Amino acid sequence: MRPLTEAETRAVFEKLGRYIGENIQLLVDRPDGTYCFRLHRDRVYYLSEKLLKVAASVPRDNLVSLGTCFGKFTKTQKFRLSVTALDFLAPYAKYKVWVKPGSEQSFLYGNHVLKSGLGRITENTAQYQGVVVYSMADVPLGFGVAAKSTQECRKVDPMAIVVFHQADVGEYVRSEDTLT
Amino acid sequence: MAAVRVEEVLAAAEEREAEKRRSVTVEKELELEFDLGNLLALDRNPPAAAGLRGAGPRREALLRALARDNTQLLVARLWELPAERAGGAGGPLVARLPEPAFRLPREKPPPRPRPPTRWEQFARLKGIRRRKRTSLVWDEQAKEWRRRWGYRRAGGDPARAWLAEVPAGADPQEDQFARLRREKRERVARNELNRLRNLARAHRAGTTVPAAPLHPTGHQSREELGHVTRVARVSTASLGRFQPRLPKEPAEPPSRSGGRKRRFEPLLGNLAAERSRQLELLRDMGSKKPVLDITRAVNKQLRQEEAEAAAAKGKKQSQRGKRGRRQQRPGRSSKKSGARRQQQQQRPAGGGTGGGRRKKA
């Protein structure tokens, strides 16, 4: 376990910034305690200082996970956000997409969101903007990337993909073994 | 039965106790010779020959017992030495060893004498002896003792010399400062050349030359030369901090650990400092991002295209006939829901027909 280097911090913040914009400050600088990011076996964890002090006493080989896993660094040092970060992305998300009840299940199984399943989308969403996907009852389901901007979404045919799937809460069941 | 068992247990325990006590005292025919300075104990007792000639495990056990006994005697002697606590009151107990008596042989062969340099030969010939010079010289101007050469030398800084007299037979047009500089450079070069020659002579004679792998041989590989370059860079008084780079040498200095190990921040370091660093990083990242005009521009473009398309469609319909449009219009215009496209089509269409009608009228 170690703190992130400058380059790694930059990569993580860039990725997070695509979904929550400048609200990362609220994650870094919290009024209710000191929270920090730590790297352990290529995974980035977000945890409080109290928890960090306790986790520091666990041997490296025996430590499985700590705090909340935000994502991991791949072999080529690219940062990949995982669904376990959804609890921190959802409240601060800038661009949101609501999915109709009929195609909720499809998204939770790992498919992209089609125009026919799109309920609502935040105004002024740019193309390839990071978005958080909600159900019509405002329950966060996951996050993805907008395939079309809001304007284009209105014109496009019903079978076109409007949101690329990146992570969904169904992964808690599907990839139970690989999530930490 | 139980009583017998108890007796057996007691006997075994007693034997173990005796064993422990026995192990501290060792009986030997001949006393051992000790050299505590080298931690050496010499045992001249003849070993039990029969046991040693035998096969593996028994011989092993005998040798082990012999070693243990001798070590016990050595350690006992060490405990008799005067001891003290190293590093203050809580430090470890350290015995002060006497001077080593046993002369250990040389590890490497003794060095061969190097051949005398040309100056040394000349000096021996002429009988010139080396005069011991004082390191400090009295500086009359500064009225204090200054170094003979180097930083703040007696006689002032030669770089700041503002006067250079023209010598008697010299050309008056010649630049004296340039001449002094050139002569110094030549002296330095000559010295260097002679030093290298002496080194080469010593090397040819077979003398061990100090730092031998670093001297140029003419057939060194790329890696060796790179290594030598790196060593040469660091071999200055400031450990290479102010060395200018060669033309094609990479700009960044190599890490102090030689590129072997990465160093990270401490795990539980100053968290407040970490937080402030991250906030600063966020600020830097945020400032460089351009304001997203692209979306607005794209949307504007799309709306324009839609408007044009709608206008063209409207004109076509108005040209076809007004009957169809009059029947459809009231139904459509009332609906406010649906895509903007319909609304936009309506308005320009309405505008188009209205305008057309007005014009005709």
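Helices (H or I, at least four residues) and strands (E, at least two) are DSSP runs, numbered from the N terminus, and two strands pair if DSSP finds at least two bridges between them. The model is predicted, with local features needing pLDDT of at least 70 and side-chain atom pairs counting only at pLDDT 80 or more, while totals for chains, interfaces and linings use all residues. Residues are numbered from 1 along each chain as its sequence is written, chains are lettered from A and ligands numbered from 1 in the order in which they are written, and side-chain values use heavy atoms, leaving out hydrogens and water.

A:V113 has A:V163 in β11(A) as its bridge partner.

Six of its six residues are buried, so β9(A) is largely enclosed by the rest of the structure; buried means under 20% relative accessible area, exposed over 50%, and partly exposed in between, with a 1.4 Å probe and protein chains only. From this strand, A:G130, A:V132 and A:Y134 point one way, whereas A:V131, A:V133 and A:S135 point the other way. Strand β6 (residues 96-99) of chain A pairs with β9(A) in the parallel sense over four bridges, and A:W98 has A:Y134 as its bridge partner there. With β10(A), in contrast, β9(A) runs antiparallel, joined by five bridges. Here A:Y134 stands opposite A:P140. The strands β9(A) and β10(A) form a hairpin with four residues between them, and A:D138 in the turn has a positive phi of about 60 degrees.

Chain A as a whole has seven helices and 11 strands. Of its 180 residues, 47% count as buried. Among its contacts (heavy atoms within 4.5 Å) between residues at least 6 apart in sequence, 59% join residues at least 24 apart.

Aromatic rings come next. A search of the whole structure finds 12 aromatic pairs over all chains. Rings of Phe, Tyr and Trp (its six-membered ring) pair if their centres lie within 6.5 Å; planes under 30 degrees apart count as stacked, over 60 as edge-to-face and the rest as tilted. In one of these pairs, the ring centres of A:Y19 and A:F143 are 5.1 Å apart and the planes are at 65 degrees, so the pair is edge-to-face. A:Y19 belongs to helix α1 (residues 6-20) and A:F143 to strand β10 (residues 140-146), both of chain A, so the pair ties together parts that are 124 residues apart in sequence. Both A:Y19 and A:F143 are buried. Elsewhere in the chain, A:F13, A:Y35, A:F37, A:Y46, A:F70 and A:F88 make up one aromatic cluster.

Charges also sit over rings, a label given if NZ of Lys or CZ of Arg is within 6 Å of the ring centre and within 35 degrees of the ring normal. The charged end of A:R120 is placed over the ring of A:W98, 4.2 Å from its centre. Between the chains, the charged end of A:R2 sits over the ring of B:F264, at 3.9 Å from its centre.

Most residues other than glycine have a negative phi, and most peptide bonds are trans. Against this background, A:D42 has a positive phi, near 70 degrees. A:D42 lies in the loop between β2 and β3 (43-48) of chain A and is partly exposed, with a relative accessible area of 41%. In chain B, B:L39 has a positive phi of about 55 degrees. This residue is in the loop between β1 (33-35) and β2 (40-42) of chain B and is partly exposed, at 46% relative accessible area.

Also in chain B, B:R179 is found in helix α5 (residues 176-205). At 16% relative accessibility, B:R179 counts as buried. Residues up to four places away in sequence aside, B:R179 touches B:P167 and B:E174.
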